[in-house]
Amino acid sequence: MVSIDHLDELREQVKSLHEKGLLDEDFYHGSVLPRLEPKEARGMKKARSIFVTSTPSPAIRTRFTWKGETIELTVPPTYDSYVSTSNRSRQLLKEAFAPDRHWIARAILPMKLLAVRSGLAKYGRNNIAYIPKYGSFHTLAALYTDYESPEDHWQEMEVLPKCATCKACMKACPTGAIREDRFLIRVENCLTYYTEMPPSKPFPDWIKQSAHNSIIGCMRCQRACPYDRDVIGWYRDGPEFSEEETGYLLGGKFKGERAKAMDKKLKTAGLDLTIFPRNLEVHLRKRGLLS
C-alpha cells in the first residue's frame with residue numbers, strides 16, 4: 001500500500017518523461033495518457049491509500065488450425081485478464097479488512113511504475129516489472145481504498161541487481177528496442193507496441209517476419225532473462241480454434257452474436273478481436289500457410 005498523497009507524483013513522473021522527449025508521441029497519447037488521466041472512480045474523495053497487487057500468471061498457449069496444420073501461439077503472462085485479477089484482489093482485500101467494511105474501487109494507473117515505487121516489484125532493463133520467485137510472470141492490479149494504512153511503502157525505484165552487467169535481453173530483442181545508452185526502452189522500436197495496434201495499421205517494413213514470436217506482445221527478452229529462468233516453461237493451455245474458426249478470424253468482419261461468442265472465447269486467453277486478422281496473418285505467413 002502507498003498513500004494517496006503519491007498519486008500526483010506518480011502521474012508527474014511519467015509526464016516528465018514525455019516532456020523530456022523520451023516517450024514516443026503516439027504511444028504517450030494513445031496508451032499512456034488514458035492511464036494518467038482516466039475517469040475518476042466514484043467516491044474518490046474517500047481515497048486514502050492505493051493498494052497494488054501482483055498475481056502470478058503463466059503464459060498461455062493457444063492453437064489455431066489452418067490448411068490442415070495446427071500452430072501453437074503464445075500469449076505472454078502480462079495479458080491475463082486485468083478485470084478478473086482486479087476483482088480477485090478486491091475480494092481478498094475485503095476479506096482482509098473484515099469484519100470492518102471499507103470503500104474499494106478499481107484504479108487505472110501506470111501499473112509497473114506503481115508496483116516498483118511501492119517496493120512490490122523491481123524494474124528489469126527491458127522495463128518489465130519483476131517480482132520474487134515468479135519474475136515477469138505475473139499480472140498487476142491496483143485499487144483505491146478509504147483505509148488509511150499505518151505504513152506507506154513509497155520508495156525510490158529499484159532495478160534488478162544483475163541488470164547492471166547483464167545484456168541478455170538487449171541481445172535477444174529482435175527490434176533493437178532495448179538500448180545500452182539509456183534505461184528507458186525505445187517504445188517506438190518495440191515489437192509489443194506494434195502488435196497491439198489496430199488491424200488497419202500494417203506492421204512497419206523494418207520489422208522482420210522472424211521477429212514475431214507471440215500472437216500479441218513479444219517474449220524474446222523474457223525468455224532470455226536470468227530472472228525468469230525458473231518460470232519460463234510455465235504455461236497453461238488456452239482455447240483452441242478450429243479451421244472454420246480460424247477462417248472467421250482471418251475474415252476480419254466481426255459483428256453480431258457470433259462476434260460476441262468469439263470475443264468471449266478469446267478473452268479466456270487475454271485476447272480480443274481487436275488484434276485480428278493482422279497478428280494471426282503474420283504468423284501464418286511465417287509458416288508458409290498464407291500467401
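Gly-270 lies in the loop that runs between helix 9 (256-267) and helix 10 (278-286). This is a predicted model. With a relative accessible area of 23%, Gly-270 is partly exposed, because that class covers values between the 20% limit for buried and the 50% limit for exposed. Thr-65 is 205 residues away from Gly-270 along the chain, and 19 Å separates the C-alpha atoms of the two.

Turn next to the interior. In soluble globular proteins, nonpolar side chains tend to be buried together. Here the largest nonpolar core has 54 residues, and the members that touch the most others are Ile-50, Leu-109, Leu-114 and Tyr-144. Several elements give two or more residues to this core, among them helix 1 (7-19), helix 2 (25-36), strand 2 (49-56) and strand 8 (138-145). Helix 4 contributes the most, with five residues.

The surface carries patches of charge. Asp-5, Glu-148, Glu-151 and Asp-152 form one of negative charge. Asp-5 sits in the loop between strand 1 (2-3) and helix 1. The relative accessible area of Asp-5 is 65%, so Asp-5 counts as exposed.

A patch of positive charge on the surface brings together Arg-90, Lys-94, Arg-101 and Arg-106. Of these, Lys-94 belongs to helix 3 (residues 82-97). Is Lys-94 exposed or only partly exposed? Its relative accessibility is 46%, so Lys-94 is partly exposed; the exposed class would require over 50%.

Terms used
Residues are numbered from 1 along each chain as its sequence is written. This is a predicted model: local features need pLDDT of at least 70, side-chain atom pairs count only at pLDDT 80 or more; totals for chains, interfaces and linings use all residues. Side-chain values use heavy atoms; hydrogens and water are left out. Patches are made of residues with over 30% relative accessible area and no salt bridge: like charges are joined within 9 Å, nonpolar side chains (Val, Leu, Ile, Met, Phe, Trp, Tyr) within 5 Å. Accessible areas come from the Shrake-Rupley method with a 1.4 Å probe; for residues, only the protein chains shown count as cover. A salt bridge is a side-chain nitrogen of Lys or Arg within 4 Å of a carboxyl oxygen of Asp or Glu. Lys and Arg count as positive and Asp and Glu as negative; His and the chain ends are not counted. The place of a charge is taken as NZ of Lys, CZ of Arg, CG of Asp or CD of Glu. Helices (H or I, at least four residues) and strands (E, at least two) are DSSP runs, numbered from the N terminus. Buried means under 20% relative accessible area, exposed over 50%, partly exposed in between (1.4 Å probe, protein chains only). A nonpolar core is a set of buried Ala, Val, Leu, Ile, Met, Phe, Trp, Tyr and Cys residues joined through side-chain atoms within 4.5 Å.
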